Amino acid sequence: MQKIVILTGAGISAESGLGTFRAEGGLWAQHRIEDVATPEGFARDPKLVVDFYNARRAQAADAEPNEGHRALARLEHHFDGDVVVITQNVDDLHEKAGSQKVIHMHGALKSALCAACEHRWPAPLVMAPGDACPSCGAPAARPDIVWFGEMPYDMDEIFDHLANADVFASIGTSGNVYPAAGFVAEARRAGARTIEFNLEPSLVGSQFDDIRIGSASQTLPLWVDEVLER
Ligand code: BJW
């Protein structure tokens with residue numbers, strides 16, 4: 001059975017109105033990474049960090065998937081093989097589009113995590129610093145997001161998928177952040193054919209067999225047609 005492993009980044013959700021990180025005017029132009037995306041930043045100013053994610057949670061709740069997300073869901077449902085989406089995104093637009101096998105390696109806005117006992121629960125739309133954990137009662141709720149210096153989720157499962165990939169597709173990610181930026185090398189080692197979808201080649205673009213330049217909402221439906229017609 002053929003296996004297609006897909007990595008997505010902020011670019012696939014850009015056309016749904018969610019900001020990317022490193023573009024001019026993107027999230028990192030408005031906030032310092034070390035303030036809002038590190039455990040040290042959260043320890044220094046939990047309200048700033050919780051408010052940053054509250055605002056993004058509200059924005060993501062109103063966002064709709066675009067033709068790029070829908071194309072990947074169509075691929076999963078019609079491909080005669082295995083399709084898995086590994087996303088760095090913390091929105092739920094793949095799920096809203098109908099994808100079922102989705103791994104959120106950088107966490108999810110819809111989830112809250114107890115820093116004391118690691119219990120997870122559905123995040124309220126508005127979290128507050130010091131919210132109590134429903135399991136252990138500690139005032140230690142935090143957004144269930146993987147910050148710099150923290151271990152991304154489900155890495156064993158992800159490396160297992162990469163080791164068995166026949167095709168690896170990377171969509172809308174700049175190749176700045178590891179370990180995700182290293183997945184193409186891992187997939188190549190496994191003998192996978194590799195393809196990148198982006199507005200421009202990413203930092204690891206030279207490692208791909210094929211690059212499709214353009215917006216994901218336009219390039220992905222065409223690629224999915226190609227794969228399903230093969
Ligand atoms: C379109 C488009 C359209 C636009 N169509 N395309 C030195 C060397 C190597 C590694 C390290 C190092 N020093 C530290 C590290 C590790 C560190 C790291 O990688 N740092 C780099 C900055 C160098 N990584 C970590 O710490 C990770 N953990 C880890 O490595 O654990 C192992 C370990 C732990 C502890 C000790 C030792 C080892 C954790 C990384 C966590 C990343 N977290 C964030 C924020 C949280 C989530 C959130 O708030 O949403 O995740 S950072 C941010 O970047 C976010 C994203 O998921 C991630 C990737 O960004 P992405 O998706 O690529 O977005 P952009 O904006 O960069 O790019 C968008 C792209 O889309 C562009 O290319 C556009 O062209 C394109 N695009 N519109 C198609 N319509």
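Let's begin at H104. Leaving aside neighbours within four places in sequence, H104 is in contact with T87, N89, V90, D91, E95 and Y153. Contact here means heavy atoms within 4.5 Å. H104 sits in strand β3. Buried or exposed? H104 counts as buried, because its relative accessibility is 14%. The cut-offs are under 20% relative accessible area for buried, over 50% for exposed, and partly exposed in between, with a 1.4 Å probe and protein chains only.

A word on what you are seeing. This is a predicted model: local features need pLDDT of at least 70, side-chain atom pairs count only at pLDDT 80 or more, and totals for chains, interfaces and linings use all residues. Residues are numbered from 1 along each chain as its sequence is written, and side-chain values use heavy atoms, with hydrogens and water left out.

Now the sheet. Which strands form it, and in what order? Six strands make an open sheet, ordered β3-β2-β1-β7-β8-β9, with parallel pairing. Strands pair if DSSP finds at least two bridges between them. β3 and β9 (210-213) stand at the edges with a single partner strand each, so one side of each has no neighbour in the sheet. From one strand to the next, the twist averages 15 degrees.

Back to β3 for a moment. β2 and β3 run parallel and are joined by three bridges. H104 is the bridge partner of T87. Next comes helix α6 (residues 67-78). α6 packs on the sheet and touches β1, β2 and β7, and its direction makes about 160 degrees with that of β1. Axes are lines fitted to C-alpha atoms, for helices over the stretch in contact, and angles run from 0 to 180 degrees between N-to-C directions.

Move to β1. Six of its seven residues are buried. β1 pairs with β2 in the parallel sense over seven bridges, and I6 stands opposite V85 in β2. With β7, β1 runs parallel over five bridges. There, L7 has S170 as its bridge partner.

Next, helix α8 (residues 155-163). Which of its residues are buried? They are M155, I158, H161 and L162. These lie on the same side of α8, because they cover an arc of only 120 degrees around the axis. That arc is taken from the directions from the helix axis to the C-beta atoms. On the other side of α8, D156 and D160 are exposed. What covers the buried residues of α8 includes β1 (2-8), β2 (81-87), β3 (102-104), β7 (167-171) and α9 (183-189).

Now the core. The largest nonpolar core has 26 residues, and Y53 and W147 have the most contacts inside it. Such a core is a set of buried Ala, Val, Leu, Ile, Met, Phe, Trp, Tyr and Cys residues joined through side-chain atoms within 4.5 Å. α5 gives the largest share, five residues. What does Y53 touch? Beyond its neighbours within four places in sequence, Y53 is in contact with V36, A37, L109, P143, I145 and W147.

Last, the whole chain. The protein chain has ten helices and nine strands. Those are DSSP runs numbered from the N terminus: helices are H or I with at least four residues, strands E with at least two. Buried residues make up 52% of the 230 residues. Along its principal axes, the C-alpha trace spans about 55 × 35 × 30 Å.
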